[in-house]
Amino acid sequence: MAEFGEDQRPDQAADGAGDDQVPADAPFPQYESGALLRGPEGLTAPEASQILGTAPGRVVVWAGERRSGKTTLTVELYERHRTGRATTTFAGSQTLPALEARIHPARAASLRLQPHSERTELDPDGRNLLHLAVSQEGSRCHLLFADVPGEVFRQVRDSETEPSELPLLTRADKLAVLVDGELLASTDTRSAAVSFARQLVARLADGGVPRRSTQTALVLTKADKLTAAGGEALAYWERKEADLHDALRAQDPAACVFRTAARVLAEGADIRDDGMETLMNWLLDEPTVTPDPPAPTSSQPADRLARLQRPKAVT
Amino acid sequence: MRQNDGVRVKVDQLLFGYRDGHELLASSMEIEPRVRPALLPHADARFEDDAPHYLVGTPIPEVQRYLLARIWPAPELPRPGAVWSHGLLLDRASLGFVDPLALEQLFRRPSTESIGESMAAYSRPLEVPDSRVAVPGLPEPLMWGLCWTAYSSTKLPTFVLWGNLPEAETALLTLWRQQPAAARARLAFRTRGRARTGASPYDVQVAPALRGRSGSSDMRILDARRLARSEVPEWVHLLARGAEEPSSDFSHYFRRFNTAALRSDTPSVLAQLWLLLEEPRSPGEVASFVGARFPKPAMMRPLKVALFGDYERESDLWRARDLDRIIAVLRSGPLAFDFQQLELPRRIDRLWEGEARHEMLEVFDDRQALGTSAAALVFDRALASMGPVDLAQRTADWALLSAAAERRPDLFAHAAFWRALDPPESSRIVGLAVAALGEDQLVEALLAVGVDWLVLAAGLLRPTMLAEAIARVAPTDLDSWERAFSGLDADLVAELGRPGQQLSPAVMLLLAASSGMEVVRVLPIASWLPSARLARNRSDLVARAGATTLLARALGSKSKPAKQVMIECFGVVHKALDEVDVPKRAWKELEPLLPDHNSRDRPGRLRKALVARMGEEAWTLDELTRTLEPAGPQAARIVKLVGKKNPLRRGLENALEKVADELVAPLRR
Amino acid sequence: MRVVMLGFRETGKSTYAVGLYGGLANAGFATLKLVGLLDAVGFLNEGLGRLAARQPILRTVDEQVEPIALTLRTDGGSEHELHIPDRSGEALRGTSYSRQWHRGLLDELLEARGLLLFVHPLQLRPGEPVETAQKIVQGPPPADDGDDVPRRWTPDLMPSDVQMVDILQEMVEAGVSTPIRVAVVVSAWDIVDGEEWDSPSSWLKERVALLAQFLEANADRFPSAAFGVSVQGSDFTADDATFREKDPWERTWAVDAAGDAVELAAPVSFLLSGSAPE
């Protein structure tokens, strides 16, 4: 009469399906993908942490308004290795297709006649880090560039978002505030551009960014556009640059200033030094913090702490 | 499912587009700047294929709303990669009764030409059409794929590959519609141009292709484009059909019980259970299925109550009898089922009272096959409901008897119990019964059954209690008395010796009849007088034997009480000697006290002994009359033993005359 | 030793294999001798026939893999079994485009102890910037090029050097054991030779820069050497009597990374030098 008591697991009698039926607990058939290569994805913070566990690295955040050239700086630093203009040696990238997809609008293969950079979308999966490994004099360094849209920094500037809510900002080894040289070239837009940069620096400072472990810089982008605009525009920037530099130095006495022209496009611009090599050298400067500890070998999710989401200890 | 039939529902809306970045352009409700970052990633996309639009559905805890958004590429905007997205914000109440497919009709893509007019349109709440939207025959493999992945318990992100994303959007909304309101509020889904591996905030995603992996290879991908009917478990078919037929019985059932979020076994188990109920499978099989899947009492309580609760209230899911439900639950045990919540005690009692009594006895008898708790419950309720005959038929079950003695003493008080007992079993049971009932009640019960039961109880009752009981029910049954007190005389005598111990005349007479002089001598002769009186008018064996012994005792004494005993006993003994005889043992005690040892005339010798005694003291007429009255006709011969001048002669004659008068008086009347 | 010839379509893999066999079969190399055949060589001899007739060697069936299995002896006297499956470049292109390994190719790579990485100067996709297109297009660039035109990014639009690096990186991820020697073979070196570049090394650094840098920075995983080879010896369309008079294996020539002449077998010798004799 009775088949089992409470101490036993009930049997599976009721599960018995006919021979021709698919068992109820059959897992759904996995897509026969074979071994996959990387797609054009950025890395998540935990994935980036794994890389930082293998060799020295820098988390780089370009903080700037929309179209200020954040993505362009990243992909051009990569592209310069391809075109032989880099002083470092390309050592690999775990986001190679992602770098390629982002630089694609500036390539002839895009069939465009003007170089573009596509708007960076907000990634709900948090895949917003691009990786570039470079080698210099035999030592390797992993650069991890935050690839976030300008909206994020607009929100910080407008006090809609606290810097502390953006883990990458608090974890950055290198934080550069970008000012768009194209906006500085016009009297219509330059005051807003400078004002926005100043406000961004102030909001970051209010939010405890940069941290002591973060090295900061003020980076003029599209310097060719500014240069092409003439001496008055340049003089304007030189005054504002000093002001902004002072504001940054209040937080980081070692804050640097760079002028870059990642892509020289403006006619009439006399750019002898596009500033990219200097910028790269700054990125490679040893940070004043301890390196990340080795990545845990365990594959348990709990062990794979997203170390990017917390600041490193200051030496 | 409540749909918005006849109910006017308004939902808030949002418009995102490119203005100094991807920003909120218009909204019908105040969106705090601080919560916008929570909304933005879900209202943004990179278009990597030729799909006309993508769909996103996700809870936004920061605004306590659910966002359902459609995203379009916006190549007309100056920045490459710009998109439009139109979002609907649903509160929890709306989620409960709007038709998700009706929401799909609300999406409007803005145009740059009329953006100014559009802004105003996006700044007012939208009214949801109040009609239920028919599902446009979705491709079966797509729905199978969605249901199979959505209702799988994998913790990995899942993707369904499907080429036609607009179709996939409708299918996702159909899947979303299938959820109860609470689950709707938690389900996050999205369409994309390319499937991605690695962690994602979305439960279900659909993309037309997989092109590479991310930094993580974690993924579960189902290619619905190549899914064949024969590959798909029946429960997936059922859920897929159910999603498209919200009014079907299954859909009602599914919405009623599926309170779980996705990524749990619950939906698939509910579908499998439905298939079992349809087959149908036995309640036992259903209970074991449910118990195995929801192995704690608190899991899926409403479902368990609907399936195994009181048949009179819970009969809409299936028609299984209450008895079968209860047995099924008992066999599954309390790890999965809450016996109290299912009201098993009350329902079992009801079965005991009704036609299922016999089945309940079977369950009780097989309770060893149940788990400990179920067996205890069955035992408990059986004990409460069992009748005396049921108990008597289970005397081998000592645990039952012991428990019955404690909790159901009434069963032992039933004559039916004792009558149904197998006598060889009974003596040990009497012991329990004594403990259960106390001696008084037990004797009452046994009295109703018969003296044999009293005899059986002999060793277990106090001798005086037993003696009184036998004397009451069988005062003339010397054989039963002697069987009852075989070897226990001393105990009874000891009882007699106790101060204040009172025994009834009937007991005293039986004692005198069975035990003889040895016992009679223990007490003063006066104490025997009531029993002597009791024997006076009787002729049964007890009376004859008892009276003979008492007479012997009286003859040996000169006391006044002895005379009284003699008065009472002489008649019985004389008549017995004359007509029947007295028991041999009693005669042996009397005979030595009688004169004329060589005479065979036993009545004559007794008469002589009486006369001799009369000569020693004065006897009144009444005393003589009382003495001779029951002695029979031959008693008249006593006169000849006394000389005519002896005053006693006259007394005897008068007494005999009076006796004769009294004997004929009734005739005269 | 198992060696994989890795290269996209028409980068000279089969031609090199035929030329190598021709040299070996006709005692054409001082550094490497053919000891025996481990598999049929019909298609190689067929290729030799085409080379002799100054016809290009073309594969007809993309999916067919021609096995090349030889026993060789180096000038140091050690013997090696060499297995080089000749597979169409389509497998590599499909892998790169679909972002999914071609199973057969991956299996070969998982067993490989050496790579012959082929780059053909005429098949190179350099990844030119938009400005290059501007120079080609007549007239001034439009103010806005119109976003209807642009081509969406796909993996096969990646420049050749990126594709090569991508494959090498993915090989490691897929479990190919390293270190693995890589002989970078610049096919049709006769086309390049005498132009701006005097050595395969300098050509690679400029034209396939990312690959060159990657190999340099990852020498621990990918010990590499560059070669320029010319199996046909010259452009078949040129009517050069000097060449016509020679046997096909005598027409072949090769240079090392620095541009110094070496035998056509030098890339294989480089791979074997890192391998224990069998």
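A: Helices here are DSSP runs of H or I with at least four residues, numbered from the N terminus. The model is a predicted one, and the account below should be read with that in mind. Helix 35 of chain B, which spans residues 647-668, holds both Glu653(B) and Arg649(B), and because these two are four residues apart in that helix, about one helical turn separates them. Their side chains meet in a salt bridge, with N to O at 3.0 Å. The two partners fall into separate exposure classes, since buried means under 20% relative accessible area: Arg649(B), at 15% relative accessibility, counts as buried, whereas Glu653(B), with a relative accessible area of 28%, is partly exposed.

In general, side chains of opposite charge can pair when their charged atoms come close.

In chain A, Asp158(A) forms a salt bridge with Arg157(A), and the closest N and O atoms are 2.9 Å apart. Here too the arginine is buried, with a relative accessible area of 8% for Arg157(A), while Asp158(A) is partly exposed at 34%.

Arg9(C) forms a salt bridge with Glu90(C), the closest N and O atoms lying 3.5 Å apart. Arg9(C) sits in the loop between strand 1 (3-6) and helix 1 (13-25) of chain C, and Glu90(C) belongs to helix 3 (residues 90-98) of that chain, so the pair ties together parts that are 81 residues apart in sequence. Both ends count as partly exposed, Arg9(C) at 39% relative accessibility and Glu90(C) at 22%. Chain B, in turn, contains a network in which salt bridges that share partners join Asp310(B), Glu312(B), Arg313(B), Asp322(B), Glu343(B), Arg346(B), Arg347(B) and Arg350(B).

Charged pairs are also found between chains. Chain A and chain B bury about 5,800 Å² between them, with 50% of that area on carbon and sulfur atoms, and the contact takes 52 residues from chain A and 78 residues from chain B. Ten salt bridges are counted between chain A and chain B, one of them joining the side chains of Arg192(B) and Asp125(A) at 3.0 Å, N to O. There are also 21 residue pairs in polar contact between the two chains, both residues being at pLDDT 80 or more. Helix 4 of chain A (residues 150-157) gives the largest share of the side of chain A that touches chain B, namely three residues. By class, that side of chain A has 20 nonpolar, eleven polar and 21 charged residues.

Of the contacts in chain A with a separation of 6 or more, 77% come from residues 24 or more positions apart. The accessible surface of chain A comes to about 12,300 Å², and 48% of it belongs to carbon and sulfur atoms.

Technical notes: Residues numbered from 1 in each chain as written. Chains lettered and ligands numbered in written order. Predicted model: local features only at pLDDT ≥ 70, side-chain atom pairs only at ≥ 80, totals over all residues. Heavy atoms only, no water. Contact = heavy atoms within 4.5 Å. Buried area = accessible area lost by both parts, 1.4 Å probe. Salt bridge = Lys/Arg side-chain N within 4 Å of Asp/Glu carboxyl O. Polar contact = N/O pair within 3.5 Å; in protein donor to acceptor, adjacent residues only side chain to side chain. Nonpolar A, V, L, I, M, F, W, Y, C, P; charged D, E, K, R; others polar. Areas by Shrake-Rupley, 256 points an atom, 1.4 Å probe, with all protein chains shown as cover. Buried < 20%, exposed > 50% of the residue type's maximum accessible area, 1.4 Å probe, protein only.
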